[in-house]
Amino acid sequence: MELLERMLVRARTDANSRASLPLKISLSPLDLYMGHFITGGVHFFLRPPSIERLADALATAIRLHSSFDACLMREDNLLALYCGNTGVYLSVYRSEKECPDFRSGASLFTDIIPTDNGFPWMLSSGSYSPSYLHSADLSNRAYQEELPYLRVAEPSARYSSSNVHKLSDLPEQLLSEKLIAEPGAHENNPTIIYTLNSGAPVADFRLVLFKDRGCALVFRHVHSLGDGASTFHFLQNWSRIYRGEKVSPPSVFNRADIFRVGSGDGVAPSKKLNIVQIADLNVSGIEAIPDDKTRSNEPISGNTVVERRGAIRIDIAESTLAYFVSGCQMQASHRLSSSEILHALVWQCFALAQPCDDQLPTRIHTLFNLRNLEGLGIPDGYEGSAVLGRSATATYAELRCMGIHELASMFKRHTKPLAVADIQRDIGYLAREYADGHIDLGGHYTRFVIEAWLDCKGERGLIVNDLRTLTNIDLRFEDSPARMEIMVGTEINMVSIYPNDDGTITVHYVGEQATLPSFANHLLCILGVGRPGS
């Protein structure tokens, strides 16, 4: 791709706010729970937006969503976002590839994505590990090669807004010392992808113009800046500002309020929180501790590096999925949601695709959005991370022979209800660990690791993220997106589920390359739209 222009977009300010001091937003225990790995996605549009209006709207959007106009800093044991008009990067590229034909429906499957490559038009997340053990060298190299901070191209257009700067117009000292920070350069901890205390923006955006028509708008940021709900709220307001429409501002409930949500003495979390204490890990490798039903001394993933990883996308007609869900609900003895049935469906397909012994245990992990949960008090417009994980365990034999409605019932029994008392106790535990300084230089909890990061690096676990309610938003610039792709690393087994404007639902599976065709085949066969072995 050819870099046409790279801009630093600063928040639009008025006379009163221009002289204000940087706003420090302390990260909450939930921000640190999910960690500081790279997350993002890409939206495809058939009609490219005006670059000038896009940049100008971004300047207003980051003033409204101050967390997105920030750098990540640390003072003693406190990690915080400093929103001192840091600005965000907006780059414009020209691709030699043609815009994908989303209307053809020629194939249900996308190309398999190698770990070290990714689609040429897409901002890949690189080869990173969000777990307790980091693959820092790989992630830093991938990130540096992919985003050459010091590369500045001549602009193809001029901008009237004082909030948009060509990088070549910025003072040399600012470029070299303040904004252009090499990822992983922190001398005490080279595993940090976005360097702490460097002043580097934690959000980055690309507009990729295709050769024939259309474009891709790509976003990437650190997950501790905000979860999926925060990100899509920001994107929606950015598009509304572009169109000159009314926005929905973030809630006044802030990250500091999360500390007050917690309860108890913080000594231990609830039994539902899916973490493993570092003291319980096998010294010779990574070993998760299954529940009593499936206790095993075998390591979940060990230290083996999986070399052949990839991803596959399966688009399913909403009508097909609705018919299948309705059939499962009729078979069940109690009420099942479509999300519970989809979790069961992809978990079974994952098990059928793995070459594992029937008696081995496997675990499904899922994330719950805590906003609007009755009795908890976190509102819908909260900007930050507000998710907690829950899990369910079964043997491969159970997964391979149970009906989907039975599996969905078991999943529901293990993960729900979301008891407010349990969540408050979990947040209280995370807050105490944070306050007591059990945080490493990279901002990760040091006395435990999220169980999912251990299970899902091998054949023993799957993370499922049902994004249908988050991604079905009003996101329009010149037109609505023709397609969306969620950007995930390929080092963990994961399924993302989200809708498309063409009436299809995408199931995006990341796993070992050898399992991808089998997963897709089983999924289509169970839904009744495929043939065995096809």
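What follows are my entries, from the whole protein down to single residues.

**Ground rules**

I am looking at a predicted model, where local features need pLDDT of at least 70, side-chain atom pairs count only at pLDDT 80 or more, and totals for chains, interfaces and linings use all residues. Residues are numbered from 1 along each chain as its sequence is written, and side-chain values use heavy atoms, with hydrogens and water left out.

**The whole protein**

I looked up the secondary structure and found 15 helices and 18 strands. Helices (H or I, at least four residues) and strands (E, at least two) are DSSP runs, numbered from the N terminus. Of the 534 residues, 59% are buried; buried means under 20% relative accessible area, exposed over 50%, and partly exposed in between (1.4 Å probe, protein chains only). The protein exposes about 21,900 Å², with carbon and sulfur atoms supplying 50% of it. Those areas come from the Shrake-Rupley method with a 1.4 Å probe, and for residues only the protein chains shown count as cover. I also checked contacts (heavy atoms within 4.5 Å). Among those between residues at least 6 apart in sequence, 77% join residues at least 24 apart.

**The six-stranded sheet**

In what order do the 6 strands of the open sheet run? I read E11-E18-E17-E15-E12-E13, with mixed pairing. Two strands pair if DSSP finds at least two bridges between them. The edge strands are E11 (309-317) and E13, each pairing on one side only. From one strand to the next, the twist averages 20 degrees. For such angles, axes are lines fitted to C-alpha atoms, for helices over the stretch in contact, and angles run from 0 to 180 degrees between N-to-C directions.

Then I went through some pairs. E12 (residues 361-369) runs parallel to E15, joined by 4 bridges, and His 365 has Ile 463 as its partner in E15. E15 and E17 (residues 494-499) are also parallel, with 4 bridges; here Asp 466 stands opposite Ile 497. E17 and E18 (residues 504-512) are antiparallel over 6 bridges, and Val 495 is partnered by Tyr 509. H15 packs on the sheet, touching E11, E17 and E18, and its direction makes about 15 degrees with that of E11.

Why is E15 (residues 461-466) largely enclosed by the rest of the structure? Because 6 of its 6 residues are buried. Both faces are covered: Gly 461, Ile 463 and Asn 465 are buried on one side, and Leu 462, Val 464 and Asp 466 on the other.

**Helix H11**

H11 lies across E12 and E13, running at about 130 degrees to E13. I checked its length: the 12 residues (404-415) should span 16 Å at 1.5 Å a residue, and the end C-alpha atoms are 16 Å apart, which agrees. The expected span is 1.5 Å times one less than the number of residues. Its buried residues include Ile 404, Leu 407, Met 410 and Phe 411. The buried residues of H11 pack against several elements, among them H8 (318-331), H9 (338-353) and H10 (396-401).

3 strands form another open sheet, E2-E5-E4, with antiparallel pairing. E2 (23-26) and E4 (71-75) stand at the edges with a single partner strand each, so one side of each is left without a neighbour in the sheet. The twist averages 40 degrees from one strand to the next. E4 and E5 (residues 78-83) share 5 bridges, and Met 73 has Ala 80 as its partner.

**Cores and two residues**

A nonpolar core is a set of buried Ala, Val, Leu, Ile, Met, Phe, Trp, Tyr and Cys residues joined through side-chain atoms within 4.5 Å. The largest has 82 residues, and Tyr 33, Phe 205 and Trp 238 are among those touching the most other members. H3 (residues 51-64) gives the most to this core, with 8 residues. Another core, of 44 residues, lies apart from it and includes Phe 324 and Tyr 509.

Last, I looked up Thr 504, in E18. At 14% relative accessibility, Thr 504 counts as buried. Ser 337 sits in the loop between H8 and H9 and touches Gln 329 and Lys 416, not counting residues up to four places away in sequence.
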